[in-house]
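Please read it alongside the sequence and the coordinates shown here.

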Amino acid sequence: RLPIRLMVSLLYLKHAFNESDESVVERWSENVVWQLFSGMEYYQSKLPCDATQIGRFRRVLGEAGVEQLLKTTIEAAVAMKAAKPVELERVTVDTTVQEKAIAHPTDSRLLEVARAKIARLAKR
């Protein structure tokens, strides 16, 4: 078995940096800061685990376990005075994200534009 701290830190880093199971394991082996965060005392160039172990750990934890981890993390931050309870009363959500106006060649609109241009050329 692998240390719980390692598995929890890999799960956290995966979500914090929007990585896949495979890429978080690879980046961990290259990143000294991530290894220190995971509780390692010395740099290790080898992979910490197989990427499939992260998925198994996540399934074993379940949704309730992940929520418990989040709750414990918040309680620890309050206990260490890294966060104040007042700061946790309101959630700020960024709603400024907008869809990009990118048209792909497979879009029906582009196909219709191409059809219209061909029809005009044929009439000429």
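## A nonpolar surface patch

Leu70, Ile74 and Leu88 form a nonpolar patch on the surface, with about 260 Å² of accessible area together. Patches are made of residues with over 30% relative accessible area and no salt bridge, in which nonpolar side chains (Val, Leu, Ile, Met, Phe, Trp, Tyr) are joined within 5 Å and like charges within 9 Å. The accessible areas come from the Shrake-Rupley method with a 1.4 Å probe, and for residues only the protein chains shown count as cover. Leu88 is found in the loop between H4 and H5, where helices (H or I, at least four residues) and strands (E, at least two) are DSSP runs numbered from the N terminus. At 43% relative accessibility, Leu88 counts as partly exposed, a class that lies between buried (under 20% relative accessible area) and exposed (over 50%), again with a 1.4 Å probe and protein chains only.

## Basis of the values

The model is predicted, so local features need pLDDT of at least 70 and side-chain atom pairs count only at pLDDT 80 or more, whereas totals for chains, interfaces and linings use all residues. Residues are numbered from 1 along each chain as its sequence is written, and side-chain values use heavy atoms, with hydrogens and water left out.

## Salt bridges

With a salt bridge taken as a side-chain nitrogen of Lys or Arg within 4 Å of a carboxyl oxygen of Asp or Glu, the count comes to 4 salt bridges. Lys14, Asp21 and Arg58 are linked in a network of such bridges. Within it, the closest N and O atoms of Asp21 and Lys14 are 3.6 Å apart, and those of Arg58 and Asp21 are 3.2 Å apart. The pair of Arg58 and Asp21 links distant parts of the chain, since Arg58 belongs to helix H4 (residues 51–79) and Asp21 to helix H2 (residues 21–30), 37 residues apart. Asp21 counts as buried at 14% relative accessibility, and Lys14 counts as buried at 13%, whereas Arg58, at 28%, counts as partly exposed.

Glu112 also forms a salt bridge, with Arg115, and here the closest N and O atoms are 2.6 Å apart. Both residues lie in helix H5 (residues 108–123), 3 residues apart, which is about one turn of the helix. Glu112 is partly exposed, with a relative accessible area of 40%, and Arg115 is partly exposed as well, at 47%.

## Aromatic pairs and a charge over a ring

A pair of aromatic rings is described by the distance of the centres and the angle of the planes. Rings of Phe, Tyr and Trp (its six-membered ring) pair if their centres lie within 6.5 Å, and planes under 30 degrees apart count as stacked, over 60 as edge-to-face and the rest as tilted. By this rule the count comes to 2 aromatic pairs. The rings of Tyr12 and Phe37 have their centres 5.7 Å apart and their planes at 45°, so this pair is tilted. It links distant parts of the chain, with Tyr12 in helix H1 (residues 4–16) and Phe37 in helix H3 (residues 32–37), 25 residues apart. Phe37 is partly exposed, with a relative accessible area of 41%.

The rings of Phe17 and Trp34 have their centres 5.1 Å apart and their planes at 40°, so this pair is tilted too. Phe17 lies in the loop between H1 and H2 and Trp34 in helix H3, so the pair ties together parts that are 17 residues apart in sequence. Phe17 is partly exposed, with a relative accessible area of 42%, whereas Trp34, at 6% relative accessibility, counts as buried. Arg27 lies over the face of Phe17, at 5.5 Å from the ring centre, where a charge sits over a ring if NZ of Lys or CZ of Arg is within 6 Å of the ring centre and within 35 degrees of the ring normal.

## Nonpolar core

In soluble globular proteins, nonpolar side chains tend to be buried together. A nonpolar core is here a set of buried Ala, Val, Leu, Ile, Met, Phe, Trp, Tyr and Cys residues joined through side-chain atoms within 4.5 Å. Of the 14 residues in the largest such core, Met7, Leu10, Val24, Val25, Trp28, Cys49 and Ile54 touch the most other members. The elements that give two or more residues to this core are H1, H2 and H4, and H1 gives the most, with 5 residues.

## Buried loop residues

Ser38 lies in the loop between H3 and H4 and counts as buried at 3% relative accessibility. Ser38 and Val8 are 30 residues apart in sequence, and their C-alpha atoms are 8.2 Å apart in space. Pro48 is likewise found in the loop between H3 and H4 and counts as buried at 11% relative accessibility. The C-alpha atoms of Pro48 and Leu2, 46 residues apart along the chain, are separated by 8.7 Å.
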